[in-house]
Amino acid sequence: MRSPQQILAEAGVIAVVGASRDPGKPAHSVPALMQRYGWRIIPVNPKADELFGERVYRSLAEIPHPVDLVDVFRPAEDAVEVVREAVAIGAPAVWLQLGIVSSEARRIAEEAGIDYVEDRCLAVERATGGLSRRN
């Protein structure tokens, strides 16, 4: 399994489940920051049409192209279904944001053989590793 730093370094497209319209929430500020550093952010939110200049999808299954990482800004009890959806679309990695932990989601990811990170922040890992997708 890849480390969180490897996952981020190798990801180009990040689907963000639970991306928020509210700039005051981490579910908005973290994806916006990742986008500024060069990652393509694909927001998934049933209540928005556009975020970060990208079309918003209602579910992972609606995204018409591959994603490298599914980032989860949803409560732990929702993470299980999100991980199932990530496996179904062939995502190679799932990342549960800071404060989100689910042993069931972890089990599903491990059984599917995909990388799994929980209780960590994308933005913190990006900063710690000095990572950027910008040339």
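Tutor: Contact means heavy atoms within 4.5 Å. This is a predicted model, in which local features need pLDDT of at least 70 and side-chain atom pairs count only at pLDDT 80 or more, while totals for chains, interfaces and linings use all residues. Residues are numbered from 1 along each chain as its sequence is written, and side-chain values use heavy atoms, with hydrogens and water left out.

Student: Leaving aside neighbours within four places in sequence, with which residues is Ser20 in contact?

Tutor: Ser20 lies in the loop between S1 and H2; helices (H or I, at least four residues) and strands (E, at least two) are DSSP runs, numbered from the N terminus. Once neighbours within four places in sequence are set aside, the contacts of Ser20 are Lys25, Ala27, His28, Asn45, Leu51 and Phe52.

Student: Does Ser20 count as buried or exposed?

Tutor: Buried means under 20% relative accessible area, exposed over 50%, and partly exposed in between (1.4 Å probe, protein chains only). Because the relative accessibility of Ser20 is 11%, this residue counts as buried.

Student: What covers the buried residues of H2?

Tutor: Helix H2 spans residues 26–36, and its buried residues include Ala27, His28, Val30, Pro31, Ala32 and Met34. Just after H2, Gly38 takes a positive phi of about 105 degrees. The cover over the buried residues of H2 includes helix H1 (4–10), strand S1 (13–17), strand S2 (40–44), strand S3 (50–51) and helix H5 (122–129).

Student: Why does Leu60 count as buried, and with which residues is Leu60 in contact beyond four places in sequence?

Tutor: Leu60 is placed in the loop between strand S4 (54–55) and strand S5 (69–72). Its relative accessibility is 1%, and therefore Leu60 counts as buried. Apart from neighbours within four places in sequence, Leu60 is in contact with Ala15, Val17, Val44, Val70, Val82, Glu85, Ala86 and Ile89.

Student: In S6, which residue is the bridge partner of Asp71?

Tutor: S5 and S6 run parallel and are joined by three bridges; two strands pair if DSSP finds at least two bridges between them. In strand S6 (residues 93–96), Ala93 and Trp95 point one way and Val94 and Leu96 the other way, and all are buried. In a regular strand the side chains alternate between the two faces of the sheet. The bridge partner of Asp71 in S6 is Trp95.

Student: With which residues is Pro92 in contact, leaving aside neighbours within four places in sequence?

Tutor: Pro92 is found in the loop between helix H3 (76–88) and S6. At 35% relative accessibility, Pro92 counts as partly exposed. Beyond four places in sequence, the contacts of Pro92 are Arg2, Val67, Asp68, Ile114 and Asp115.

Student: In what order do the elements of the chain run from the N terminus?

Tutor: The chain has five helices and seven strands. From the N terminus on, the order of the elements is α-β-α-β-β-β-β-α-β-α-β-α.

Student: What radius of gyration does the chain have, and what would a compact globule have?

Tutor: The radius of gyration is taken over C-alpha atoms, and the globule rule is 2.2 Å times the number of residues to the power 0.38. Buried residues make up 49% of the 135 residues in the chain. With 135 residues, a compact globule would have a radius of gyration near 14 Å, which agrees with the value for the chain, 13 Å.
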